[in-house]
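Hello,

Here is the structure for your files, with the sequence alongside. My notes follow below.

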Amino acid sequence: MQFFYHKDSGLESITLDSKDSHYLFHVRRFKQGETLLTTNLNDMQIYSYKHEKKNTFKLIGLHSKVAQPKAYTHILLAMIDLKDIYDILPTLNALNVASLQLFYADFSQKNRKIDMQKAQRILQYSCMQCGRMKPLEIAIHKDLESVCKAFPNAIAIDFLESVETFENLTQQERQTIAKNGIIIGCEGGFSHNERKFLHTTQRVYALQAPFILTAHLVSIYIASLCV
């Protein structure tokens with residue numbers, strides 16, 4: 001654990017709720033009386049707190065502002081099984097992805113609604129583990145056209161009807177593309193209408209993977225190529 005997240009980090013004292021207290025003292029085996037490094041994941045500061053009693057900590061110091069690499073990759077992912085989305089959040093966060101832009105594709109189940117509170121909690125724990133000070137952002141779009149309006153220069157990953165392959169691009173080219181957004185379909189790929197739209201309005205790339213990858217694996221794979 002690189003630091004502990006607490007929304008009130010920076011105040012003279014902080015108090016942990018029962019869930020955070022259990023995680024810190026039982027899961028992380030924090031010892032009573034030790035110094036705890038915390039952050040609020042907002043002001044890019046690390047604070048030192050001294051454990052006083054029970055779940056209460058007193059501020060004893062402020063570390064210098066932490067400088068971190070700029071996040072620039074935007075993953076535009078069709079809504080897939082929620083478990084898969086929750087599973088990829090820590091990895092995308094640790095790979096310094098700037099945002100996960102979810103959209104409802106033709107093959108998405110429209111009744112799937114992400115629990116943003118749960119997602120933020122997952123990202124907080126991820127930041128605590130990897131040391132990232134500003135977690136990736138999550139946004140929801142109603143359909144493919146909406147997310148393309150928000151990211152007009154985004155490219156799409158399609159296993160069919162694509163001439164260029166994403167892996168053949170240089171690292172600099174992939175990073176430039178990542179700033180504009182990378183569109184990934186859901187399980188089953190894009191519908192006929194979506195594919196027609198993408199090949200008309202966006203640039204489309206294929207992958208060199210020997211087999212068709214699931215959507216959440218594509219997201220991680222693409223993010224790793226853009227670091």
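In this predicted model, helix α1 (residues 18-27) packs with helix α3 (residues 116-130) at an angle of about 30°, and their axes are 14 Å apart. Axes here are lines fitted to C-alpha atoms, for helices over the stretch in contact, and angles run from 0 to 180 degrees between N-to-C directions. The two helices are therefore roughly parallel to each other (angles under 35 degrees count as such). The crossing of α1 and α3 is right-handed, that is, the near helix is turned clockwise from the far one by less than a right angle.

On the α1 side, K19, D20 and Y23 make the contact; on the α3 side, R121, Y125, M128 and Q129 do (contact means heavy atoms within 4.5 Å). By class, three of these residues are nonpolar, one is polar and three are charged, with Tyr and Met counted as nonpolar, Asp, Lys and Arg as charged.

For the chain: it has seven helices and 12 strands, taken as DSSP runs (H or I, at least four residues; E, at least two) numbered from the N terminus. Of its 227 residues, 49% count as buried, meaning under 20% relative accessible area with a 1.4 Å probe. The C-alpha trace spans about 65 × 40 × 30 Å along its principal axes.

Residues are numbered from 1 along each chain as its sequence is written, and side-chain values use heavy atoms, without hydrogens and water. Local features need pLDDT of at least 70 and side-chain atom pairs count only at pLDDT 80 or more, while totals for chains, interfaces and linings use all residues.

Regards

Note on methods:
Angles under 35 degrees count as roughly parallel, over 145 as roughly antiparallel, 65 to 115 as roughly perpendicular and the rest as oblique. Buried means under 20% relative accessible area, exposed over 50%, partly exposed in between (1.4 Å probe, protein chains only).
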